[in-house]
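The sequence and structure come next.

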Amino acid sequence: MSKAQRESIITVAKKLNVKHCFAFLRRQKHPLTLFLSILAIFVQYLYLRCEYGCSLLKGYILNFELEYVGITFMVAIGLLSVLRRQGALLAILSVGVGAEIFLLGYQLYYEVYCTYCLIFGGALMSQFALNYERTKKIVVLILILTGLTFFGFFFRGGVSVSYAEETQEKLLSTFGDGKILVRLYTDYFCGPCKAMEPKIEPLLKELVAKNIVSVTFIDTPIHRYSALYARYFLYSLNQGQKSLEFAFFIRNALIEAANKEIDNPQKLEEHLKTKGIKPVKFDPNPIFASFTRYLKEDRVNATPTCVIVRNGKKDTYVGEKEIIEALKVLTKR
C-alpha cells in the first residue's frame, strides 16, 4: 500500500469518526441541551457573584440586566428540552444565536472581552448545533436575523466609557504631589470596589502625606447610575474643601447611597446633605474628558483597577489583592 493510499484511508477514517461522534451526540441532544443550559446558568451565577471585579462589558435589554436575561433564556431552553418541544426549542435557540452574534461583534468592536460571556455563548452555539434541522434552514435564518435586529435596536451597553472632549489638565479628583502617579479606577456599585475602599484608604493617606504619590480617582461608568454618582463626587469636591481625607468621606457617603440603591439626583443630593456635604454644581465635562482619555490609554476593562506610573514605566493591577499589595510596596519606599 502506497503512502498516499494510507493517508487517504486515515483521512476517511477521521471523517467517519467525527461524523459518527456527532450523530451520537445528536441522538442525545435533549439531555445534552439541558446540561448546557445548567452550565450556562452556573456561569452567569459565577459572573454575578464574582469577587474579582466588575467587567466594563455590561449590557441591558429593555432596562433588564443582560445577566438575568441570559439566565431566564437558559431556564426556558432547559424546560423545552425536558418537555422535548423541538420546534419551539429550535426557534428560541435561533433567536438566541442572532443575539449572540450581535454580542460577539460588540466585544470585537470595543476589544473588551468577558470570559463568562464567551463561555455562555459557546454553550448556546453548541445547543444550536445539536438541535439544528436542515429542513428548516429558511425559518432558522429568519429567526437568527430577528434576534440580531432586536438586539441591534434594544441593546444598551456599558463599554463605551466616554464623557466629552478634554480641556482640563489638572483634575479635581487628584491628590498629592508625589512623582509616582496612581490612577484608581472604581465604581460605587462594584462589590469588590466597596470592599476594598476602607483597606486602601490608610495606605493612600500615608503615601500622599509622605509625598510619594499623586493619586487620581477615576470613577468608571459601568453600572446604570455610575455616571450620576461620578458627577456628584465632583460636585461635592467642588464645595471648596479639597483634601484626600474629605474625598474619602464623600466616597464613603456615595457608597452608602449605592447600598441604599438611591437612583435619582434629588435623593442623592439629600443624602449627601445629611452627611454635611453640600455639592456645588459646575460643568464636569472637561474632567470627564480626562477620565475618558485615561480609560482608553490604560485599557481598563474591569474594576477595581489601579495603574501605577513610575520612572516612565506603567504597571496595572486588577482586583483587591493585587492593588493592596502594590500600594503596600510603595509605602516601603
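Helix H7 holds both Lys205 and Glu201, which sit 4 residues apart, about one turn of the helix. Their side chains form a salt bridge in this predicted model, with the closest N and O atoms 2.9 Å apart. Lys205 is partly exposed at 29% relative accessible area, whereas Glu201 is buried at 15%.

The whole structure contains 16 salt bridges. Among them is the contact between Lys199 and Glu320, at 2.5 Å from N to O. Lys199 belongs to helix H7 (residues 191–209) and Glu320 to helix H12 (residues 320–331), so this pair ties together parts that are 121 residues apart in sequence. Lys199 is partly exposed, with 44% relative accessibility; Glu320 is partly exposed too, at 21%. Lys210 forms a salt bridge with Glu206, and Glu206 is partly exposed at 30% relative accessibility.

| Salt bridge | N to O distance |
|---|---|
| Lys199 and Glu320 | 2.5 Å |
| Lys205 and Glu201 | 2.9 Å |
| Lys210 and Glu206 | 2.8 Å |

A network of salt bridges links Arg183, Arg293, Glu297, Asp298 and Lys314.

Strand E9 (residues 305–310) pairs with strand E10 (residues 313–318) in the antiparallel sense, over 6 bridges. The two strands form a hairpin with 2 residues between them. In the turn, Asn311 has a positive phi of about 55 degrees. Ile308 stands opposite Asp315 in E10.

Two cysteines are buried: Cys193 has a relative accessibility of 2%, and Cys306 has a relative accessible area of 0%. With a cut-off of 2.5 Å between cysteine sulfur atoms, the disulfide count is 0.

Methods:
Residues are numbered from 1 along each chain as its sequence is written. This is a predicted model: local features need pLDDT of at least 70, side-chain atom pairs count only at pLDDT 80 or more; totals for chains, interfaces and linings use all residues. Side-chain values use heavy atoms; hydrogens and water are left out. Two strands pair if DSSP finds at least two bridges between them. Buried means under 20% relative accessible area, exposed over 50%, partly exposed in between (1.4 Å probe, protein chains only). A salt bridge is a side-chain nitrogen of Lys or Arg within 4 Å of a carboxyl oxygen of Asp or Glu.
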